[in-house]
Amino acid sequence: MAELHAGDQIAEFKVTPDKYTPHRYAGASGDFNPIHIDPEFAKAVGLPNTILHGLYMMGLVARAATDAVGGDPRSLKRLSVEFRGMGAPETEIAVSGTVKSVEDGEAILDVVAAQGDNVTIKNAEAEVEL
Amino acid sequence: MAIKTEAVGKEWPATTYEVGKEKIGEYARVIGLDNPAHFDREAAKAAGYREVVAPPMFCVVYSAPALAPAMFDPEVGINFATMVHGGQQFEWGEPACSGDEITTTARCLEIFEKEGKDGKPSNGFYVFETISVNQDGQEVVRGTWTNIVRGV
């Protein structure tokens, strides 16, 4: 694993959730809020269509942060995010980030998840053990 | 309209969740994680885990049930029609593994109102904390959940 330095980019990854990803995430997580799985319901409450679960996208951010230090799940010590834009199924999500600081065997990463210009997770700060 | 704040400091009854190996795998597959420690007992043990290990964000599966009664408590009084999940933080301790019995307690940390920008109505902030401990009393995760209600 490469050593991390402040200012480095972490490896970006891209994933396109399919039409049924929110259904699978609902089953896996127990969050069956209909805005994520029922287009008619989503439209009735003023959304353009069903939207991705914010915590699914936070899961992708956690994956990027963990992968940046070799993929061991116990390296992720803290993750805080702000949910911004709504995520849409069947649209590519890019998760990218930079190393903010490295100190005492720990790094702070700044991670972003976006679908094109629509930033869905902003100001994500991950504390990872090196 | 002034926001109700009497629920600040309130705690709700704890919930207990037993972590299952296949449930960990189901979650890991949706997120696209391929670390064998999330699927295979031998691989997890070889990596130094007690049992098949849950991905960090699996914490939503076992901690959210404790939060539900807090969010729906009429004393908190969240208007779900205009609520969004604004922010989230987790701090992890001992990893959660299959077979663990995790007990989570939810508490209301803060309720406050922030004036809207450019003459927009105020937003209400409802901040909850969940603390999850395993069967040995070790803290597994501490969550801070921020829900924003537009136009309180």
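How many of the 14 residues of H3(A) are buried? In this predicted model, local features need pLDDT of at least 70 and side-chain atom pairs count only at pLDDT 80 or more, while totals for chains, interfaces and linings use all residues. Residues are numbered from 1 along each chain as its sequence is written, and chains are lettered from A and ligands numbered from 1 in the order in which they are written.

The count for H3(A) is 13 of the 14 residues, so this helix is largely enclosed by the rest of the structure. Here a residue is buried if 20 or more other C-beta atoms lie within 10 Å of its own, exposed if 12 or fewer, and partly exposed in between, with C-beta atoms placed from the backbone. Helices (H or I, at least four residues) and strands (E, at least two) are DSSP runs numbered from the N terminus.

The largest nonpolar core has 73 residues. Such a core is a set of buried Ala, Val, Leu, Ile, Met, Phe, Trp, Tyr and Cys residues joined through C-beta atoms within 7 Å. H3(A) gives the most to this core, with nine residues. Among the residues with the most contacts inside the core are A:Met57, A:Val61, A:Ala65 and, from the other chain, B:Ala96. Leaving aside neighbours within four places in sequence, A:Ala65 is in contact (C-beta atoms, placed from the backbone, within 7 Å) with A:Leu76, A:Leu79, A:Leu109, A:Val111, A:Ala126 and A:Val128.

Ten strands form an open, antiparallel sheet in the order S1(A)-S3(A)-S4(A)-S5(A)-S2(A)-S2(B)-S5(B)-S4(B)-S3(B)-S1(B), where two strands pair if DSSP finds at least two bridges between them. The edge strands, S1 (9–15) of chain A and S1 (15–18) of chain B, each pair on one side only. On average, neighbouring strands are turned by 20 degrees against each other, direction ignored. Within chain A, S3 (residues 93–103) and S4 (residues 106–115) pair antiparallel over nine bridges, and A:Thr98 has A:Asp110 as its bridge partner in S4(A). H3(A) lies across S1, S2, S3, S4 and S5 of chain A together with S2 of chain B, at about 140 degrees to S2(A); axes are lines fitted to C-alpha atoms, for helices over the stretch in contact, and angles run from 0 to 180 degrees between N-to-C directions. H3(B) touches S1, S2, S3, S4 and S5 of chain B, and its direction makes about 55 degrees with that of S3(B).

Where do the chains meet? The contact takes 24 residues from chain B and 25 residues from chain A. On the side of chain B, S2(B) provides the largest share, eight residues. That side divides into 15 nonpolar, seven polar and two charged residues, with Ala, Val, Leu, Ile, Met, Phe, Trp, Tyr, Cys and Pro counted as nonpolar, Asp, Glu, Lys and Arg as charged, and the others, Gly among them, as polar. S2(A) and S2(B) pair in the antiparallel sense over five bridges; A:Leu79 stands opposite B:Phe90, and A:Glu82 opposite B:Gly87. Nine bridges join S2(B) to S5(B), including the one between B:Gln89 and B:Thr144.

Methods. Two residues are in contact if their C-beta atoms, placed from the backbone, lie within 7 Å.
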